[in-house]
Amino acid sequence: MAEVKNLAINYKTVEDFKKFREYGAQELQMTKELEGNMIDADINSPFYGIYVGDNLAARMCLYTKEDNNQPIFDPPHEYMVIWKLEVLEKYQDKGFGSEMIDYAKSFKMPIKAISRQNARPFFEKHGFETLKYDIERDMADDPLVWYPKGYVLNQ
């Protein structure tokens, strides 16, 4: 079992993310987001990853969001967002993506994920369901949501 680690906002993590830029999917790049947060070293990093030796094999952005402007839930409440989950190709099919999902689920909050790079079957395998599409809220995204066991949906 791999260990999901909170990634520091520093130059080492930028270097690790550059490997994803070289070998990963262009749509999933996060180097600019990371560099944009380097000014304030006191903030909690929303970036998480799994290392194999010294190599970052999988990473995602995971953060809590208030459900206020364009609510998903009734009544509105906080939820987690998984954004740009990616496992480098040479590390795929080793369970690292599942480990990242399990880590996010450990917070026991509903999770919204955006299916990119044909990842819908992966998220569905992990219990994510299609979120009722709202053009103003979701724009061109392909959102899915996971609910913790016992969660009651009021919609």
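## Salt bridges

The side chains of E124 and R120 meet in a salt bridge, at 3.5 Å from N to O; the term covers a side-chain nitrogen of Lys or Arg within 4 Å of a carboxyl oxygen of Asp or Glu. The model is a predicted one, in which local features need pLDDT of at least 70, side-chain atom pairs count only at pLDDT 80 or more, and totals for chains, interfaces and linings use all residues. Residues are numbered from 1 along each chain as its sequence is written, and side-chain values use heavy atoms, with hydrogens and water left out. E124 and R120 are four residues apart in helix 4, and are therefore separated by about one helical turn. Helices here are DSSP runs of H or I with at least four residues, strands are runs of E with at least two, and both are numbered from the N terminus. E124 counts as partly exposed at 39% relative accessibility, whereas R120 is buried, with a relative accessible area of 18%. Buried means under 20% relative accessible area, exposed over 50%, and partly exposed in between (1.4 Å probe, protein chains only).

A search of the whole structure finds two salt bridges. R59 forms one with E86, the closest N and O atoms being 3.1 Å apart. R59 belongs to strand 3 and E86 to strand 4, so this pair ties together parts that are 27 residues apart in sequence. R59 is buried at a relative accessible area of 0%, and E86 also counts as buried, at 7% relative accessibility.

## Chain and sheet

The protein chain has five helices and seven strands, which run β-α-α-β-β-β-α-β-α-β-α-β from the N terminus on. Of its 155 residues, 47% are buried. The chain exposes about 9,100 Å², with carbon and sulfur atoms supplying 48% of this area; accessible areas come from the Shrake-Rupley method with a 1.4 Å probe, and for residues only the protein chains shown count as cover. Among contacts between residues at least 6 apart in sequence, 61% join residues at least 24 apart, contact meaning heavy atoms within 4.5 Å.

The seven strands form an open sheet with the order 1-2-3-4-5-7-6 and mixed pairing. Strand 1 (5-6) and strand 6 (129-130) stand at the edges, each with a single partner strand, so one side of each is left without a neighbour in the sheet. Two strands are taken to pair if DSSP finds at least two bridges between them. Strand 1 and strand 2 run antiparallel and are joined by two bridges; K5 has G49 in strand 2 as its bridge partner.

## Nonpolar cores

A nonpolar core is a set of buried Ala, Val, Leu, Ile, Met, Phe, Trp, Tyr and Cys residues joined through side-chain atoms within 4.5 Å. The largest one has 32 residues, of which I82, F96, M100, F123 and F128 touch the most other members. Helix 1 (11-23), strand 2, strand 3, strand 4, helix 3, strand 5 and strand 7 each give two or more residues to this core. Strand 3 gives the most, with six residues. A second, separate core of seven residues includes I72, V81, L131 and Y147.

Helix 3 (residues 96-105) is mostly covered, since eight of its ten residues are buried. F96 and M100 are among these buried residues. The cover over the buried part of helix 3 includes strand 2 (47-52), strand 3 (55-65), strand 4 (79-87), strand 5 (111-114), helix 4 (120-125) and strand 7 (143-146).

## Aromatic residues

Rings of Phe, Tyr and Trp (its six-membered ring) pair if their centres lie within 6.5 Å; planes under 30 degrees apart count as stacked, over 60 as edge-to-face and the rest as tilted. By this rule there are five aromatic pairs. The rings of F123 and F128 have their centres 5.2 Å apart and their planes at 75 degrees, so this pair is edge-to-face. Both F123 and F128 are buried. Leaving aside neighbours within four places in sequence, F123 is in contact with L85, I101, A113, I114, S115, F128 and L144. Elsewhere, Y48, Y103 and F107 form one aromatic cluster.

K94 lies in the loop between strand 4 and helix 3. At 53% relative accessibility, K94 counts as exposed. The C-alpha atoms of K94 and M1 are separated by 9.6 Å, although the two residues are 93 residues apart along the chain.
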